[in-house]
Amino acid sequence: MNYKLIFKLIGNVLRIEALFMLFPLAVSFIYGGGDHPAFLWSILILAAAGTILAKLNPKNKNFRTRDAFVVAGFSWIMLSLFGALPFYFSGYFNSFIDCVFESISGFSTTGSSVLTNVEVLPKGILFWRSFSHWIGGMGILVFIIAVMPSINASSVNLLRAESTGPSPDKIVPKIRETARIMYTIYFAMTVILIILLKIAGLSIFDSFTNAFSVAGTGGFSNTNASIGGYNNIVAEIIMTVFMFLFGINFSLYFTLFGRKFTKFANDIELKIYLGIVITAILIITINISGLYNGIWEALRHSSFQVTSIISTTGFATTDFNLWPTLSKSVLIFLMFTGCCAGSTGGGIKLIRFIILFRAAKVELGKIFHPGSVKTVSINGKKVSNDIVSKTALFFFIYFAIFFVSLLLISIENKDIVSSATAVIASLSNVGPGLGIVGPTGNYATFSSFSKIVLSFCMIAGRLEFFPLLVLFTPHAWKR
Amino acid sequence: MKIIVVGCGKIGYTIAKVLSEKEDIHVTVVDNNPNIFNKAVEPIDVIFISGNGANEKTLIEAGAKDADLIVSTTNADELNVLCCIMAERLGTKHSIARVRNPEYMLEYNKLWKDLGIDMVINPERQTAREISRILRYRAADDIVTFIGERVELVSFKVSETPEYFVGKSVSQVFDSNMGILLAIVERENQALIPNGDFIFKESDIIWIMGRPSQIMKFFTLIKRRSKKAQEIMVIGGGKITHYLVELLNRHTTKANIKIIEKDRNKCESLCEALSSSSLERHCLFIHGDGTNEELLIDEGIDRMDACVCLTDRDEENVFISLYAMRRGVKKIITKINYIHQNMAKNLGLWLGNIITPQDITAKTVIRYVDGLSGAVGRNIITVHQIYSGDDGNVEAIEVQVNKKAKCIDMPIKKLRLKKGILIGCISRDFDVIIPSGETQIRIGDRVIIISKNNDIRELDDILES
């Protein structure tokens, strides 16, 4: 392992985080919530720690795959730990574990909170919560690749470790160019969303924070009743559309710039994404129409909840805990699938389901024609056996971690629905689950131990397991 | 600039790797073996597309419609030509094809142009040309020429004539009226730009620059023999040998060449192919194993001026070279395909000249690319990479001075040069000037710049900003 290089990069992550923290600092000065000392101290600590680490001078400047994975896992832990400092200094949280949980929930774009009343928080803290979604959505390492000149070609492994999907890849030959294009698309879409939300009638502060939450598919909001608290239909529709858009593979947007519209329209994952969203909305609308005044209100709530859950944002306009079982089951299904690979959303990702469905079909065919040769293909390209087996392995790890975490959470004897959905919502970075962790509930009642387990699930889910799991192998700590 | 490289073997990989390291060059690699991606392409900054390079769909996916250059380097000559023609028809502006069968070599390059191919690269022939160049200039180990061969940049090892250098400083060895400029010194995997007090060590490799005649004088002064190789032994009879014999015959009629080849059929076909020329008197084809000590002694390896190892196997080449060195052969050229050059150097096997066909070919392609990008207003004429090691690269760059340059009409000592920049020779009106502190660069000059780890795109890039 190239420790010097790893720590140098983590130093740079911390310095960038210090830079990002200047924004909530400015907000806290503008709104005068009295939380600026918390940010000042945090920035000081971050800058000091970051500068010391960044001063390291590694001899060998090449990343191996293993280095990149360790960097990704380790820097996300550091990012979250240091990101918890403002919460801790502000004094609104009960313990440091709570602060870390909130921070990890922010960066991993989960959006589950330990706070029972967010409306009393000062504006700076609220801004930092939502802004951490935006940073975590596209990823801080991708940002570093985009801005740091000393990063070389081998850092493609960094991009792989942090991006989502079975085989994340570059969209243009140059890695830095790729990272820049991704962030440009991300930034532009966020700006458009901010403007639209402002036009829809949200305050300038709410437009910013909610846009960050939607863009990163996070889910922190500024009211206790989530988006339902604004009771603004236009804003809800805008968010519904954008939550859907941020769940699409970003490299597909790039094909639009190349005027390859057919490639965009023929993408199998996008088609299935759209199909699942429409089907889920229809089922739930019919299923819940009795609970609301008429079909239109049912449609309004079902479409918002469906896009919110499948994109793993976790916003709510109504308490879906009170919905019939069928609707709740559909939502749990959506929590597992998540959206498209290469988006800012979480979950298992639809492309993995498609790959395994097709692999299963090929295997079934072999029972009837043992000698038949058929390959799994996606969008007309053959999927290598390597990727198929990695995908299957991903499923195994997802469910293995799910069951182990569920066992650990169950120690404190909460009801099974709450416990199970809390783990799914954390692993898939959704946020709210059902029962006591439902849209109107929160994670405050969990013990510190459960909070640590769930925090692990959130980071593991965001990094798609491997970067975090390598930290627990002995190889990662051998020279 | 967008470049498509078809075929990711040794040559294609080297070309893609070197090109992708440049800031503004976007490389797409096409190969029909998808597993190549994990093995080779992953660590370099390119996009990989699996497919046949002559397939219309693959080419379009690789961006052939708006690419600036396609370099086709697969094993099959015919496929390379087809790739280039198709890409050119689709809209790619320039094309380079690898063609290596001697029977396809055309007398008239115009025919290739008519086919739509701008340049043909033949690694074997280029390697042979490189070898023949080294054989002709026996005094120097490596040589690069500038300004229509009026200036040479040559390297040699101190260890061969240590009495003139070891323990002496630069100002003691190099006199200002010698007409020679000391460019860089390679020492223990580092390239140093020395000043006057620099003391030479035995393991150093020195690069000097000047007019050929001055360099010849200098070599006479330090008693380095500079006569051409007369007796040459070539081991291995492949395509490179074919081209090498042809080239040596063209340049040095006096040289006697002995070729040792294991495969009888190869021996015969080579003999047949070369019999038409007037070589027969000077060439001797021997069927035998080059690793057989008795055979080598029988054929007089002790009397040889030079030994060139060109078998297909790197290990054999290295072995025979080491043996030849032990037997006292002065000039040894070793072809290495797979083993990394630096690895051989680090093992302490300083074998004289190591030749790597893919590097030579990559250099040619890069020079072509530099020409394409430098064509508009940048005034860089040629770039030669003369050193590459742990601490970076050293390039020798020939620049035409145009009106816009900031550093003209100023004594050189007043210029604030970047670290790792040395102003080499200046060519003015058919004269070659070795600059001193008072020398000024003027409009119309051609300047050769030695640059370590700097990205020089125009003359003013040498100045501290």
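## A buried threonine to start with

Let's begin inside chain A: Thr313(A) is buried, with 37 C-beta neighbours inside 10 Å. (A residue is buried if 20 or more other C-beta atoms lie within 10 Å of its own, exposed if 12 or fewer, and partly exposed in between, with C-beta atoms placed from the backbone.) Thr313(A) sits in the loop that links helix 16 (294-310) to helix 17 (325-337) of chain A. Helices (H or I, at least four residues) and strands (E, at least two) are DSSP runs, numbered from the N terminus. Setting aside neighbours within four places in sequence, Thr313(A) is in contact with Ser213(A), Val214(A), Thr217(A), Gly218(A), Gly219(A), Met243(A) and Ser308(A). Contact here means that the C-beta atoms of two residues, placed from the backbone, lie within 7 Å.

Before going on, a word on the model: it is predicted, so local features need pLDDT of at least 70 and side-chain atom pairs count only at pLDDT 80 or more, while totals for chains, interfaces and linings use all residues. Residues are numbered from 1 along each chain as its sequence is written, and chains are lettered from A and ligands numbered from 1 in the order in which they are written.

## The annotated site in chain A

Where does UniProt place the feature "binding site"? The unreviewed entry puts it at Thr109(A), Thr110(A), Gly218(A), Thr312(A), Thr313(A), Asn429(A) and Val430(A). These positions span 322 residues in sequence, yet no two of their C-alpha atoms are more than 8.3 Å apart, so they gather at one spot. UniProt positions are given in the numbering used here, feature names are shortened, and annotations may be inferred rather than shown by experiment.

Thr109(A), another member of the annotated set, lies in the loop between helix 6 (96-107) and helix 7 (123-138) of chain A. Thr109(A) is buried too, with 34 other C-beta atoms within 10 Å. Not counting residues up to four places away in sequence, Thr109(A) touches several residues, including Gly218(A) and Asn429(A), which are also on the UniProt list.

## Chain A as a whole

Chain A has 22 helices and 2 strands. Of its 479 residues, 53% count as buried. A compact globule with 479 residues would have a radius of gyration near 23 Å, and the 22 Å of chain A agrees with that. (The radius of gyration is taken over C-alpha atoms, and the globule rule is 2.2 Å times the number of residues to the power 0.38.) Along the principal axes, the C-alpha atoms of chain A fill a box of roughly 65 × 60 × 50 Å. Among contacts between residues at least 6 apart in sequence, 72% join residues at least 24 apart.

One helix pair is worth a look. The axes of helix 20 (residues 416-427) and helix 21 (residues 448-462) of chain A come within 7 Å and cross at roughly 35°. Axes are lines fitted to C-alpha atoms, for helices over the stretch in contact, and angles run from 0 to 180 degrees between N-to-C directions. Helix 20 of chain A brings Ala422(A), Val423(A), Ser426(A) and Leu427(A) to the contact, and helix 21 of chain A brings Leu454(A), Cys457(A), Met458(A) and Gly461(A). By class, that contact has 6 nonpolar, 2 polar and no charged residues. (Ala, Val, Leu, Ile, Met, Phe, Trp, Tyr, Cys and Pro count as nonpolar, Asp, Glu, Lys and Arg as charged, and the others, Gly among them, as polar.)

## Strands in chain B

Over in chain B, there are 14 helices and 22 strands. Of its 465 residues, 38% count as buried. In strand 12 (residues 231-235) of chain B, 4 of the 5 residues are buried, so the strand is largely enclosed by the rest of the structure. Strand 12 of chain B runs parallel to strand 13 (residues 256-261) of chain B, with 5 bridges joining them. Strand 12 of chain B also pairs in the parallel sense with strand 15 (residues 306-309) of chain B, over 4 bridges. Two strands pair if DSSP finds at least two bridges between them. Ile235(B) has bridge partners in both: Ile260(B) in strand 13 and Cys309(B) in strand 15.

Elsewhere in chain B, 5 strands form an open sheet in the order 7-8-11-9-10, with antiparallel pairing. Strand 7 (142-146) and strand 10 (190-192) of chain B are the edges, each pairing on one side only.
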